[in-house]
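Work through these exercises with the sequence and the 3D view side by side. Try each task before you read its solution.

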Amino acid sequence: MRAICVASAVLLGAGALTSCVPAADAAIQTDFGFSVEPSTVAAGGEVTLRVVRNQACRGQAAVNSPVFDVVTIPPQESWATAVVDWDAKPGAVYDVEFECDKSSGTARLTIAGGRPTHHPTHHPTRHPHKGVHAGEGGTVAGFDLKEIGLGAALIAGSLGVAYHFSRRRTDEDAG
């Protein structure tokens, strides 16, 4: 009987933890490589769109998504940037379609809950001679403290219930 209680508690805890894991952001691979960086960004934020140049992708690449204008990456370039629309729905996941020569593929872009602190005034599509844009994005940028607190409370509650059920005794075991 105790083994059943422990197994139930373990399954309950594992189920609670897996329900807190976000959906996979991995890109569906095709004949050429591509990526959206960061894969999670706030509405109004900037993303870098990359293609890997190989036999399947030598010409101009077109990148399309419902949350930004169509971006073209010239044959001599391997990346460009796009600014996500301000009206993108927080928490939504959008498809980003890459097309190059006769190949295509789709990556995912998740919209974070927060908003950037400034409104960009200039929206360039490429920065071929500038360095890496480092800073917010991907780690803690755009996360809401309420969401983090709610997630921590759910995990703590699940662990508490699992502990309670694993320590609970029946009348037969006690006496």
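**Exercise 1. The disulfide**

Task: In this predicted model, find which residue is joined to C57 by a disulfide, and describe the link.

Solution: 
- Step 1. Search the whole structure for disulfides; there is 1.
- Step 2. Name the partner. C57 is joined to C100, with an S to S distance of 2.1 Å. The cut-off is 2.5 Å, so the pair counts.
- Step 3. Look along the S-S bond. The angle about the bond is 90°, and the link of C57 and C100 is right-handed.
- Step 4. C57 sits in the loop between β3 (46-51) and β4, while C100 belongs to strand β7. They are 43 residues apart, and the pair links distant parts of the chain.
- Step 5. Check the surroundings. C57 and C100 are both buried.

**Exercise 2. The sheet**

Task: In what order do the 5 strands of the open sheet lie?

Solution: 
- Step 1. Read across the sheet. The order is β2-β8-β7-β4-β5, and the pairing is mixed.
- Step 2. Find the edges. β2 (40-41) and β5 (68-73) each pair on one side only.
- Step 3. Take β7 and β8. Residues 93-100 form β7 and residues 103-111 form β8; the two run antiparallel, joined by 8 bridges. Opposite F98 stands G105 in β8.
- Step 4. Move to β4 and β7. They are antiparallel too, with 4 bridges. V63 has F98 in β7 as its bridge partner.
- Step 5. Finish with β4 and β5. Their pairing is antiparallel, over 4 bridges. A hairpin of 2 residues connects them. The bridge partner of A61 is I73 in β5.

**Exercise 3. Two faces of a strand**

Task: Which residues of β4 lie on the covered face, and which on the uncovered one?

Solution: 
- Step 1. Mark the strand: β4 spans residues 61-65.
- Step 2. List the covered face: A61, V63 and S65.
- Step 3. List the uncovered face: A62 and N64.

**Exercise 4. Aromatic pairs**

Task: How many aromatic pairs are there, and how are their rings arranged?

Solution: 
- Step 1. Count over the whole structure: 2 aromatic pairs.
- Step 2. Take F32 and F34. Their ring centres are 5.6 Å apart and their planes meet at 55°, so this pair is tilted.
- Step 3. Take F34 and F98. The centres are 4.7 Å apart with 25° between the planes, and the pair is stacked.
- Step 4. Locate the second pair. F34 lies in strand β1 (residues 34-37) and F98 in β7, so the pair ties together parts 64 residues apart in sequence.
- Step 5. Join the pairs. F32, F34 and F98 make one aromatic cluster. F32 and F34 are buried, and F98 is buried as well.

**Exercise 5. Salt bridges**

Task: Which residues form salt bridges with R50 and R108?

Solution: 
- Step 1. Count over the whole structure: 2 salt bridges.
- Step 2. Start from R50. Its partner is E37, and the closest N and O atoms are 2.7 Å apart. R50 lies in β3 and E37 in β1, so the pair ties together parts 13 residues apart in sequence.
- Step 3. Turn to R108. Its partner is D95, with the closest N and O atoms 2.1 Å apart. R108 lies in β8 and D95 in β7, so this pair ties together parts 13 residues apart in sequence.
- Step 4. R50 has 32%, and E37 has 33%. R108 has 32%, and D95 has 37%. So R50, E37, R108 and D95 count as partly exposed.

Key: Residues are numbered from 1 along each chain as its sequence is written. This is a predicted model: local features need pLDDT of at least 70, side-chain atom pairs count only at pLDDT 80 or more; totals for chains, interfaces and linings use all residues. Side-chain values use heavy atoms; hydrogens and water are left out. Two strands pair if DSSP finds at least two bridges between them. Buried means under 20% relative accessible area, exposed over 50%, partly exposed in between (1.4 Å probe, protein chains only). Rings of Phe, Tyr and Trp (its six-membered ring) pair if their centres lie within 6.5 Å; planes under 30 degrees apart count as stacked, over 60 as edge-to-face and the rest as tilted. A salt bridge is a side-chain nitrogen of Lys or Arg within 4 Å of a carboxyl oxygen of Asp or Glu.
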